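Subject: A structure for you to look through

Dear colleague,

I am handing over a structure that I have been reading through, and my notes follow below it. Please keep it open beside this email while you read.

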Amino acid sequence: MVSMTYEECVQECLRCMEQCNRCFDDCLKEDDVKMMADCIRLDRECADMCAFAAKAMQSNSPFVKEICALCAKICRACGDECAKHEHHQHCKDCADACYRCAEACEQMAK
């Protein structure tokens, strides 16, 4: 990515939030929910952070760079956790969305 606009980054954040919410819900339906605990926890954290980052960009917060840097860090952590469970399609989809959002937010943080 050469140049990222706020709107493009907001869209990545919203897509990631939606995918994390879907993964969270699907993880709760797995047979071994306990094994998915870290994934569920990070899905919630990441969805909340993505929503906050999108709001910060939309309201032109003076802290956008810091917020996007933190969002990228949380998205990477969530993506790494979901990648451990890629045999579940919802986790694979979530990891992909998290990594795309992390890249977008890293561009915004520059």
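Is His-88 buried or exposed? His-88 is buried, because its relative accessible area is 15%, where buried means under 20% relative accessible area, exposed over 50% and partly exposed in between, with a 1.4 Å probe and protein chains only.

Before going on, please note that this is a predicted model, in which local features need pLDDT of at least 70 and side-chain atom pairs count only at pLDDT 80 or more, while totals for chains, interfaces and linings use all residues. Residues are numbered from 1 along each chain as its sequence is written, and side-chain values use heavy atoms, with hydrogens and water left out.

**Around His-88**

His-88 sits in the loop between α3 and α4, where helices (H or I, at least four residues) and strands (E, at least two) are DSSP runs numbered from the N terminus. Not counting residues up to four places away in sequence, His-88 touches Glu-30 and Met-36, a contact being heavy atoms within 4.5 Å.

Cys-27 itself belongs to helix α1 and is buried, because its relative accessible area is 0%. With residues up to four places away in sequence left out, Cys-27 touches Val-33, Met-36, Cys-39, Ile-40, Asp-43, His-90 and Cys-91.

**The helices**

Helix α1 has 23 residues and reaches 33 Å from its first C-alpha to its last, close to the 33 Å expected at 1.5 Å a residue; the expected span of a helix is 1.5 Å times one less than its number of residues. The buried residues of α1 are Cys-9, Val-10, Glu-12, Cys-13, Cys-16, Gln-19, Cys-20, Cys-23 and Cys-27, and what covers them includes α2, α3 and α4.

Helix α3 covers residues 64-83, and its 20 residues should span 28 Å at 1.5 Å a residue, which agrees with the 28 Å between its end C-alpha atoms. Among the buried residues of α3 are Val-64, Cys-68, Cys-71, Cys-75, Gly-79 and Cys-82, and the cover over the buried residues of α3 includes α1 (6-28), α2 (37-58) and α4 (89-109).

Helix α4 has 21 residues and reaches 30 Å from its first C-alpha to its last, close to the 30 Å expected at 1.5 Å a residue. Its buried residues include His-90, Cys-91, Ala-95, Cys-98, Cys-101 and Met-108, and the buried residues of α4 pack against α1, α2 and α3.

**How α1 meets α3**

The helices α1 and α3 pack at an angle of about 35°, with their axes 12 Å apart. The contact is made by Tyr-6, Cys-13, Cys-16, Cys-20 and Cys-23 of α1 and by Val-64, Cys-71, Cys-75, Cys-78 and Cys-82 of α3. Here axes are lines fitted to C-alpha atoms, for helices over the stretch in contact, and angles run from 0 to 180 degrees between N-to-C directions.

Met-57, in helix α2, counts as buried because its relative accessibility is 3%. Leaving aside its neighbours within four places in sequence, Met-57 is in contact with Tyr-6, Cys-9, Val-10, Cys-13, Val-64, Cys-68 and Met-108.

Gly-79, in helix α3, counts as buried because its relative accessibility is 0%. Again leaving aside neighbours within four places in sequence, Gly-79 is in contact with Ala-95, Cys-98 and Tyr-99. Gly-79 and Cys-101 are 22 residues apart in sequence and 9.8 Å apart in space, C-alpha to C-alpha.

**An exposed loop residue and a charge over a ring**

Asn-60 lies in the loop between α2 and α3 and counts as exposed, because its relative accessibility is 55%. The phi of Asn-60 is near 55°, a positive value in a residue other than glycine. For comparison, most residues other than glycine have a negative phi.

Finally, Arg-44 lies over the face of Phe-24, at 4.7 Å from the ring centre, where a charge sits over a ring if NZ of Lys or CZ of Arg is within 6 Å of the ring centre and within 35 degrees of the ring normal.
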